[in-house]
Protein chains: 2
Amino acid sequence: MASVESQSSSKQHKRTRIIDASIEVFAEKGFRGARISDIARKAEVADGTIYLYFRNKEDVLLCIFEEKMEEILAVLHARLDGIEDPFERLQAFAATHFQLLRDHPALAQVFQVELRQSHRFLREYRPEKLWQYLQVIEEIVREGQETGALRADLDPFLVKWAIFGALDELSIQWVLARKRERFNLDRAASQVVEVFVGGMANRSNTSKVGRKP
Amino acid sequence: MASVESQSSSKQHKRTRIIDASIEVFAEKGFRGARISDIARKAEVADGTIYLYFRNKEDVLLCIFEEKMEEILAVLHARLDGIEDPFERLQAFAATHFQLLRDHPALAQVFQVELRQSHRFLREYRPEKLWQYLQVIEEIVREGQETGALRADLDPFLVKWAIFGALDELSIQWVLARKRERFNLDRAASQVVEVFVGGMANRSNTSKVGRKP
DNA sequence: TCCCACTGAATGAGGATTCAGCCCTTACCG
DNA sequence: CGGTAAGGGCTGAATCCTCATTCAGTGGGA
């Protein structure tokens, strides 16, 4: 289990301190509301120092994404390693996804909310690391189809987005509603995966999905 | 079928012209990139006039949301009216959702991308109209459970977010990838609903969902 | 002494927002 | 009727404010 989010201490390299401080500040004040001087203060660094390590404020946000995604991908692969069954793999994927959120609330806020306010992130940037993350889902589905466990008529490309969308929306709502205590992430994970898995499972015995007459 | 998006003509009330122009400009340049003067020019109105009808730039965005959601809700209810079967209702929900996107590409961009850059929309604002929209899903699930068509062990609250998340993510990707022609929305709608419906259906004959041994 | 990572006050851009009139419409009056 | 005044919607150039970003200078280490 990689660190993903480390403690900000004046011992560390300034770049690391700036990244960690940014996560906190972005989470607390939002990307726009966060001032460079806020980040600098929290990182115990001068405003100008930030520009020695990052092109500009948005670059800080994108670097958070790049670097934390790297660690997250490592965690994810470690977790999935050795699991063969596609249902269990999907279960593990969702569990890991939600566990990371829970363990790193500030980072979760940044990923689920603030990152999406970056014009560049949405319009120009190619978040390769996110594609890699999502590709894991697509692979699981594809392999399940090859072994015959999953319906072959589903488009893994679309299913990937649907599953990610479901997990992502639950994540967002958890982040936004955290204080109001509405979400039970574990329950969410298992129910979502159960529904998807149930709906994707190959049932050769029924031509039409079991409807009520 | 309400208008949802009307033509900007200098005959209309200025407020309407401003709303319509904003949708176009926000869609084209993004919320941040859109200047008040751009909107004013497109609406054939002076910069200052906008402030006679809206508190500020963000207020314009939120008013777009409020007013267009109102129309969308009307369309949705008209479509669902008369359909009883929960599976068909869900099918109709998804179809309507995607059809609105396709028919109003600029509005789709605003809803799927720009609106989410509004700090206020995400953090403080209570988008009642969105809750109403989502509540429709929750109701469908709940009713399906009452008639026994759907598994009773699923939490309609969570399922609502999962379904919405899946539709929403596909919508976002369609909006972002539109030019690159990757998404087939109809296929997406039917596959997603099929999977969800398959996964939520009450199958009393199988204790465990059909797994491969 | 030289080097260079670092500092933080000063700068400047970029637009959102304001507001002092303008002018069109309507009402009233001679 | 023609003329005048009041009212209010509208205008758009000028203002103003906020930070992100810069860069001349500092000081600690080799």
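Predicted model: local features only at pLDDT ≥ 70, side-chain atom pairs only at ≥ 80, totals over all residues.
Local features rest on a pLDDT of at least 70 and side-chain atom pairs on pLDDT 80 or more, while totals for chains, interfaces and linings use all residues. Residues are numbered from 1 along each chain as its sequence is written, chains are lettered from A and ligands numbered from 1 in the order in which they are written, and side-chain values use heavy atoms, with hydrogens and water left out.

**The two protein copies**

**DNA strand D**

- DNA strand D is surrounded by 15 residues, and the closest are A:Tyr51, A:Lys57, B:Ala46, B:Thr49 and B:Tyr53; a residue is near a strand if one of its heavy atoms lies within 4 Å of it.
- Of the atoms of DNA strand D that come within 4 Å of the protein, 71% belong to sugar and phosphate.
- A polar backbone atom of A:Ile36 is 2.9 Å from a phosphate oxygen of DNA strand D.
- Two elements give two or more residues to the surface near DNA strand D, namely helix H3 (47-53) of chain A and helix H3 (47-53) of chain B; helices are DSSP runs of H or I with at least four residues, numbered from the N terminus.
- H3(B) gives the most to this surface, with five residues.
- By class, the surface near DNA strand D holds seven nonpolar, four polar and four charged residues. Here Ala, Val, Leu, Ile, Met, Phe, Trp, Tyr, Cys and Pro count as nonpolar, Asp, Glu, Lys and Arg as charged, and the others, Gly among them, as polar.

**DNA strand C**

- Around DNA strand C there are 15 residues, of which A:Thr49, A:Tyr53, B:Ile36, B:Tyr51 and B:Lys57 come nearest.
- Sugar and phosphate make up 69% of the atoms of DNA strand C that come within 4 Å of the protein.
- Polar backbone atoms of A:Ala46 and of B:Ile36 each lie 3.0 Å from a phosphate oxygen of DNA strand C.
- A base nitrogen of DNA strand C is 3.1 Å from a polar backbone atom of A:Gly48.
- H3 of chain A and H3 of chain B are the elements that give two or more residues to the surface near DNA strand C, and the largest share, five residues, comes from H3(A).

- Helix H5 of chain A (residues 86-103) has 18 residues and should span 26 Å at 1.5 Å a residue, which agrees with the 25 Å between its end C-alpha atoms; the expected span is 1.5 Å times one less than the number of residues.
- The buried residues of H5(A) include A:Phe87, A:Leu90, A:Phe93 and A:His97; buried means under 20% relative accessible area, with a 1.4 Å probe and protein chains only.
- The buried residues of H5(A) pack against H4 (57-80), H6 (105-114), H8 (128-146), H9 (156-177) and H10 (185-200) of chain A.
- A:Asp85 caps the N-terminal end of H5(A), with a side-chain oxygen 2.8 Å from the backbone nitrogen of A:Phe87.
- H10(A) is largely enclosed by the rest of the structure, because 12 of its 16 residues are buried.
- The buried residues of H10(A) pack against H5 and H9 of chain A, and also against H9 (156-177) and H10 (185-200) of chain B.
- A:Asn184 caps the N-terminal end of H10(A), with a side-chain oxygen 3.1 Å from the backbone nitrogen of A:Asp186.

**A buried loop residue, B:Ser118**

- B:Ser118 lies in the loop between H6 (105-114) and H7 (119-123) of chain B, and it counts as buried at 0% relative accessibility.
- The side chain of B:Ser118 makes a polar contact with the side chain of B:Glu58 at 2.7 Å. A polar contact is a pair of N or O atoms within 3.5 Å; within protein, one must be able to donate a hydrogen and the other to accept it, and residues adjacent in sequence count only if both atoms are side-chain atoms.

Methods. Buried < 20%, exposed > 50% of the residue type's maximum accessible area, 1.4 Å probe, protein only. Contact = heavy atoms within 4.5 Å.
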